[in-house]
Amino acid sequence: MELFTNQVLAGIATGAIYACMALAVVMIYQAIDHLNFAQGEMAMFSTFISWQLMQWGIPYWWAFLATLIISFGGGILIERLLFKPLAKAPVLTNVAGFIALFAIVNSVAGLIWDFTIKQYPSPFGSSPFLGSQLISTHQAGMIGVTLGLLIALYFFFQFTRIGLAMRAAASLPESARLVGINTSWMIALGWGMASAIGAIAGILIAPVVFLEPNMMGGVLIYGFAAAVLGGLTSPLGAVLGGFLVGVFENLAGTYIPGVGNELKLPIALALIITVLVVKPAGLLGRPIVKRV
Amino acid sequence: MSAAEEVVTEAPAVEAVPKRAMTLGLGTSLVVLAALVLAPLFVKNFIIFQMTMLLIYGLAVLALNILTGGSGQFSLGQSAFYAVGAYTSAILMEHVGMNYALTLPIAGVICFAFGFVFGQPALRLSGVYLALATFALAVAMPQLLKLGFFEHWTGGVQGLVVTKPDAPFGLPMGQDMWLYYFTLVITIGIYIASVNLLRSRSGRAFMAIRDNEIAASAMGVDVALYKTLAFGVSAGITGVAGGLGAIAVQFVAPDGYTITLAISLFLGMVVGGVGWLPGSIVGSAFIIFVPNIAEGISKGLSGAVFGVLLFLVIFLVPHGARQVAIVAQQLIGKLKK
């Protein structure tokens, strides 16, 4: 039983990271209807920026804040320069664009900071949480930050003018434009926010997986799985999906014979395909209706 | 366009290509063919090997092009089919002792079945979701190949070594050159078959689905059948390419068939021009040579150069090599006047 609780808690903790990634994926998906395959690399780059700031002697939380602002600006810049011109292009061109971005960011990070593995500090420390052996303070912190982020996003979208405008621009762009919303900037804002949320995910996971240019490869795929599981149109679904994928992955690794560590990833992927086939809109997403 | 219209009509995933524009003219084809036949006589073995790989990747890009340019579905998981083909050939040659040439059709058939089966769930997905599902397949494949359960056959992490075939009938040519011509013949055969497939009734059904699925089904096209069929054919050809690849490289191992390969093939198609079959070779050249050249300029830079070039292609020539070819044709036309 202790093993079970342990695995579930550890699953929830890693699930928090997947939830962050999934949130970022959903933000961009809401804004432009595309999956950002470069999301993980953008998050990795942000994490490196925060690491560099700390190397220059800036305290953790200031570096954290600065990284969020830089990432936000970077996200907007990428949208303005690279993806705004592609807005009317077919899906395929966009996918190619995301892959190109992936390659560039990964390679540039490798050039600047090279491929050696680096330690990354945790603001919460790694001692046991409240004297319990089940979960460390860092894991508890990860869960707390994710939930805080979700609540903040909820208030942003529900109760602020900009949040409302963003939702309007995402669901009915033409009508939103007619009532005077600058839909183009709403998309850029979505990119900026996604980039900042990705940065948080990267900074949170870096103490666990260590810092290096390829650190987000696996995480992004779980993030996709989480986003798809929860529904690509629902931020709450993304977070729920993140926790579910984390727990599912850990339990499958522990209890299904022959799965172990090697097969965890394929299992998560099988989960994506199963969900897509059975319930394409995800758990909390709204189904897509096509009119002829 | 009114606002309401824009909301309800979904843009197709791929831009339509006119049917005539899918191939080269006869004259150009013959020139390219002659160049491909004669080139190995004048170059070193290593370059012959690279040309063989060019044809093999070209074949894999062609297969993806049939799927995407033909039926409008796209896949980031071609490396999985390529891997299955490669392993089929390698296992049949090394464990069963079969002749290398015979393993290729078997690899093709197995991959066709695999693709057809994978196409079943894929039927319900489109656009982004399909990209994601196939992406998942490509990521999972190397892990599956490493499984202890299959290790007796696949060689696990170590992989399998494949013997390179000699030229038959005592022909006076080296192994590399023989393999090049062998690959060339297969490539040409599959190219001709593909052109004919896309011009046939089935090909027209593919394109109808690509342009408007609902309209196609209203006209009586069996959408489910043709979508899975496109997946099957594409996987089958990719499998043959994979088998050839295994013979040429003389080695199969799980890490040779990662998502990077799938992405390369996808990019090859974009660079070559979606739906323009001759572009496959151009795209294949892009994915083989560009990383090498970039690596030569600065180590570790290849990803960045690759990405930047790709953005340039997307922005400047969104139709890839096809667009360049059309512009070139028009220029030549003007010069003749």
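Q: How many salt bridges are counted between chain A and chain B?
A: In this predicted model, the count between chain A and chain B is zero salt bridges. Polar contacts are a separate count: one residue pair is in polar contact between the two chains, with both residues at pLDDT 80 or more.

Q: Which elements of chain A give two or more residues to the side that touches chain B?
A: Four helices of chain A do: helix 3 (60-83), helix 4 (91-113), helix 9 (217-230) and helix 11 (264-278). The largest share, 14 residues, comes from helix 4 of chain A. By residue class, the side of chain A that touches chain B has 36 nonpolar, four polar and five charged residues.

Q: What is the area buried between chain A and chain B?
A: The size of an interface is often given as the accessible area lost when the parts come together. Here the area buried between chain A and chain B is about 4,100 Å², and carbon and sulfur atoms give 81% of that area. In terms of residues, 45 of chain A are in contact with 49 of chain B.

Q: Which residues does Thr183(A) touch, not counting residues up to four places away in sequence?
A: With those left out, Thr183(A) touches Ala169(A), Pro173(A), Ala176(A) and Arg177(A). The side chains of Arg177(A) and Thr183(A) are also joined by a polar contact of 3.3 Å.

Methods:
Residues are numbered from 1 along each chain as its sequence is written. Chains are lettered from A and ligands numbered from 1 in the order in which they are written. This is a predicted model: local features need pLDDT of at least 70, side-chain atom pairs count only at pLDDT 80 or more; totals for chains, interfaces and linings use all residues. Side-chain values use heavy atoms; hydrogens and water are left out. A polar contact is a pair of N or O atoms within 3.5 Å; within protein, one must be able to donate a hydrogen and the other to accept it, and residues adjacent in sequence count only if both atoms are side-chain atoms. Contact means heavy atoms within 4.5 Å. Buried area is the accessible area (1.4 Å probe) that two parts lose on being put together, summed over both. A salt bridge is a side-chain nitrogen of Lys or Arg within 4 Å of a carboxyl oxygen of Asp or Glu. Ala, Val, Leu, Ile, Met, Phe, Trp, Tyr, Cys and Pro count as nonpolar, Asp, Glu, Lys and Arg as charged, and the others, Gly among them, as polar.
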